[in-house]
Amino acid sequence: MTDLKHRILPTVQKPARYTGGEWGEIKKDLKDVRVRVAFCFPDTYEIGMSNLGMRILYGVMNGMEGVWCERVFAPWGDMEEAMRANHLPLWALESQQAVRDFDMIAFTIGYEMSYSNILNMLDLAGIPLHSKDRPGLHNIVFAGGVCAFNPEPLAAFVDFFSLGDGEDITVEIVSLYDRAKAEGWSKEAFLREAAKIPGVYVPGFYRHEYHEDGTLAAIIPLEGAPQTVTKRIVEDLDNAFFPTEMIVPSTQIVHDRANLEAFRGCIRGCRFCQAGFSCRPVRRKSPQVLYRQAVRTLEHSGDQEITVSSLSTSDYRGLKELTDQLIPYCAEQRINLSVPSLRADNFSRELMEKLQTVRKSGLTFAPEAGTQRLRDVINKNLTEDEILNTCAQAFSGGWSNVKLYFMLGLPTETDDDVLGIADLVYKVIRVWKEHASQRKKGLRIHVATAYFVPKPHTPFQWEKQITPQEYLRRCRLLKSHFYSRSIEYDYHSPDLSRLEAVFARGDRRLGPVIEAAVRNGARLDGWDEYFNYAKWYDAFRECGVDEDFYTVRGYDEGELLPWDTIDVGVSKEFLLRERRRAYQQMVTPDCRHGCAGCGANALLKEVACDA
Amino acid sequence: MPRALFEKTGNAVYISHLDLMRLLQRGFKRAGLPLTHSQGFNPRPSVSIALPLSLGVESRCELLDFQLEGTPVPNREIRDRLNEALPEGVRILEVYDNGRKLKELTLLESLVILEYDAGVPEDAAEKIRRLFSGGEVMAEKKGKKGPVQQNLIPMIRRLEIEACRDDTLVLSVLANCQDPALNPGQISSAISLYLPELRPDFVRYLRREIYDTNVDQFR
């Protein structure tokens, strides 16, 4: 007889997401395993398996003797329905066993809109949502990823957070757990010891107090916890663990290709960008190591495409050396090499043309703002001339597709800035008319605007978000200035970005809101098919929490911020200085043209910042 | 063009046809067996599967045609190297040259495994045998332009009750697999439609063997 799970599988969409058994999956004999980790990605398989961080830590944990790390993803709605109808608890892919039987439940969180999935996955697993309702060492829940840099909205649910690069700290955490389990420690004893590991933040060891106006009055460390917790970094990426033997999904995922990380950190300093500040300092990998890892990864995976990724790949010093080696290898092996995140200002025609020998992709720019004035405010060091010159080169080389990404609602933005976007787009069209070598194909310009979300640990962390109504007015204003049939304009609905803004700078009072929203049915909020603001709206009302407090209010420079406990290496003084410069429309040159003194280099002990 | 006979079992039955093509292309690459590529703007490795298999169906008799470039490799070695490079559930049984023309592939033997949680109803075997010995059993099939009604009887060469255990009834069905093709799912939906008391709680399917029109094994 076929068991329940295998009766359900043929009835759901893309069942291969739930079975495991892919090439490269790691299985262990349970009799050799002392610590079982369920590594949960709070979104679907296709998204989670595209995440390089998860793949690295999967390799790190499974590299530990006595530890077996398995993967867990959020089920799609049809599967969730079947699981709930049949009382089938959430399982991990490798062993197909229930997540609630695991010692440690780890989450990697890269996006605020996956918070509902975290709670929903715990619920599907049959694990109590609240940290306080999980009294023992069993089912310890911890989390890392970019969102851990303001973990407060999740403080009631997650036992502790792991901050920064996970390669070393994860080993320390799991080893400590191994010892705690063997010696029969209490959960409190384990958390007290864990809090001593640099980079571990235990929210239960901090009490938050509020003023009457709702702003934070005090953060009081308890149990001898440190006043601030500093994120961890890996200094030497050449010798850090990198999984060249990766899992190859049997079903198509979002980034269905090999992925190579060229370096960490960013020299740019775009004032809105959280990754640009929170991933500092810059640490590079040598092109020799990258090339070796590329070849090994491709041989093991059989992938026909590889991408060189980073926050700004043109800023990788070894790019020429690496591509000089990789391009011929990929051409011979018929492997498509893609190098995204190339900047317009040093987008070399040479590299463009070399990459073209394999396959031709589109041209994408993210000027973010329509006028030079506003680009100076946000410190996006990209000029109109650079965009137009690159377009001219590309059009004469046969390209005919351009994507342009902007944000609306940036600090100091006026209608002139909004209409500056239309001006820039028309200039691109004019350049095409002058330079296009393949006119027959016609030009397609895809313009997209996003709703600016102020993020913690950036110079804009105090900024107001404009209201959804005002955002939509600016979208419509812009749309009314697009006449050409070559232009396709998309603007995101404001609801999702509004919610993202709430949680990005949220505090502990949002925990009940997430819980209520999940009870109302919120899940898979990153997906248009599922996102429904009404569920969140009701949750805010139920909990008596006002979204505007976190969005349009803005935060005072003197205000205690919920994420002040977390130190990502960049000093508050620097962020304030950058904010002042933004309002003075003063550009801060990239780190390679002079250190701006962000403070992140103090995290380095062995090497210097490689900006 | 060499041909591989392979099976798809276990968790691999949940891999869709298109995903399986990608999986095999990667498998060849991992095995160090470079495939020739199609011409054109977006060159694709040359692999093709004879009869696409529905999701969830197990098979012991899938055919894969492919073309390698470079130094010739003995067929046994191709088989072994591929098996070293493929995930669990996809197994190459044999690699050979001079496979027959696919248009001569006409018959497919499938098992339709009907599961009854409360035990196989009485007389089930007899009722099913009687149903399919008639002149007309209509069942729906998903066509390109929506569902179409098909009479199953002319497509069925042989239908037998292969086993009847406490809670499982196994039918073996030899039927057309090309122009027009019988989908084994139609057998169980016809049973549920004509004999509602025999509607199973779950059905599994397995492709067992392929034949030409004279019921000679097709390779």
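In what follows, Ala, Val, Leu, Ile, Met, Phe, Trp, Tyr, Cys and Pro count as nonpolar, Asp, Glu, Lys and Arg as charged, and the others, Gly among them, as polar. This is a predicted model, where local features need pLDDT of at least 70, side-chain atom pairs count only at pLDDT 80 or more, and totals for chains, interfaces and linings use all residues. Residues are numbered from 1 along each chain as its sequence is written, chains are lettered from A in the order in which they are written, and side-chain values use heavy atoms, with hydrogens and water left out.

**Second largest pocket**

- On a 1 Å grid over the protein atoms alone, a pocket is an open set of points with protein on both sides within 12 Å along at least five of seven lines, and lining residues have an atom within 4 Å of a point.
- The second largest pocket holds about 1,300 Å³ of space, a volume being the space filled by probe spheres set on points joined across faces, edges and corners.
- Its lining has 40 residues, and B:Ser54, B:Leu55, B:Val57, B:Asn183 and B:Tyr205 are the closest to the centre.
- By class, 18 lining residues are nonpolar, 13 polar and nine charged.
- β10(B) gives the largest share, five residues (strands are DSSP runs of E, at least two residues, numbered from the N terminus).

**Cavities**

- A cavity is a set of points where a 1.4 Å probe fits but cannot get out, and the whole structure has 13 of 30 Å³ or more.
- The largest cavity has about 180 Å³ of space, with eight nonpolar, seven polar and five charged lining residues.
- The second largest cavity has about 110 Å³, and its lining divides into eleven nonpolar, one polar and one charged residue.

How values were computed:
Helices (H or I, at least four residues) and strands (E, at least two) are DSSP runs, numbered from the N terminus.
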